[in-house]
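Opened the notebook for this one today.

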Amino acid sequence: MAVDELDTRILRLLLEQPRTSVREYARILGVARGTLQARLDRLERDGVITGTGPALSPAALGHPVLAFVHIEVTQGHLDDVGDALAAVPEIVEAFSITGGGDLLTRVVARDNGHLEDVIQSLISMPGVVRTRTEVALRERVPHRLLPLVESIGRTAAK
């Protein structure tokens, strides 16, 4: 999907001011409210905008430990293990990957003991061969998309 300069200006506003009304976005951008709403609808329909909910902090919810767990799966059981991972509340993301392992999960825990319990539950799942865990020490670059949106905007403006 092609994203033009107005789209990137809209996306930037959504990222910088997520609680602003559509009417206010239109005023800031100098476009008609209907134009803005049509753009937002298209961006959602095309999968560019994937959600509007609040960003939550696992640490503030009592789960300050973050780990990345690589999971090696028995051939033919990737879907089964993936479905089983969805039932583990401490797994906040899971991806099929290439390289060292079949799945990469992002796991949060209350403390190291709790993390060990979660890992042990993963190891006991049918189809899981082994796991490898890496504990995050400090977040260096928080999840962000604004620099990417700005880069796309600069390209679209040329």
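Predicted model: local features only at pLDDT ≥ 70, side-chain atom pairs only at ≥ 80, totals over all residues.

**Entry 1: the hairpin**

Which residue takes a positive phi in the hairpin of S2 and S3? I looked and found Gly99, with phi near 90°. The hairpin has six residues between its strands.

I then followed the two strands themselves. S2 pairs with S3 (residues 103-109) in the antiparallel sense, over five bridges. For Ser96, I find Leu103 of S3 as the bridge partner. Phe95 stands opposite Leu104, also in S3.

**Entry 2: the whole sheet**

Next I stepped back to the sheet. I see four strands in an open sheet, ordered S2-S3-S1-S4, with antiparallel pairing. S2 (91-96) and S4 (128-135) are the edge strands; each has a single partner, so one side of each has no neighbour in the sheet. On average, neighbouring strands are turned by 20° against each other, direction ignored.

What packs on this sheet? I get helix H4 (residues 78-85), which touches S1 (65-73), S2, S3 and S4. The direction of H4 makes about 15° with that of S3.

**Entry 3: the record and the domains**

The domain assignment gives me domain 1 at 3-52 and domain 2 at 56-134. Taken over C-alpha atoms, the centres of domain 1 and domain 2 are separated by 35 Å.

Now the helices. Two packed helices are described by the angle between their axes and the distance between the axes, and I noted both.

H2 (residues 22-29) packs with H3 (residues 33-45) at an angle of about 110°, their axes 9 Å apart. Angles of 65 to 115 degrees count as roughly perpendicular, so H2 is roughly perpendicular to H3. From H2, the contact uses Val22, Arg23, Tyr25, Ala26 and Leu29. From H3, I listed Arg33, Leu36, Gln37 and Leu40. I sorted the contact residues into six nonpolar, one polar and two charged.

**Entry 4: H1 against H3**

How do the axes of H1 (residues 5-16) and H3 cross? I read roughly 85°, with the axes coming within 11 Å. That makes H1 roughly perpendicular to H3.

On the H1 side, the contact is made by Leu6, Asp7, Ile10, Leu11 and Leu14. H3 contributes Leu36, Arg39, Leu40, Arg42 and Leu43. My tally here is seven nonpolar, no polar and three charged.

Methods. Residues numbered from 1 in each chain as written. Heavy atoms only, no water. Pairing = 2+ DSSP bridges. Axes fitted to C-alpha atoms, helices over the stretch in contact; angles between N-to-C directions. Contact = heavy atoms within 4.5 Å. Parallel < 35°, antiparallel > 145°, perpendicular 65-115°, else oblique. Nonpolar A, V, L, I, M, F, W, Y, C, P; charged D, E, K, R; others polar. Domains from an automatic or database assignment.
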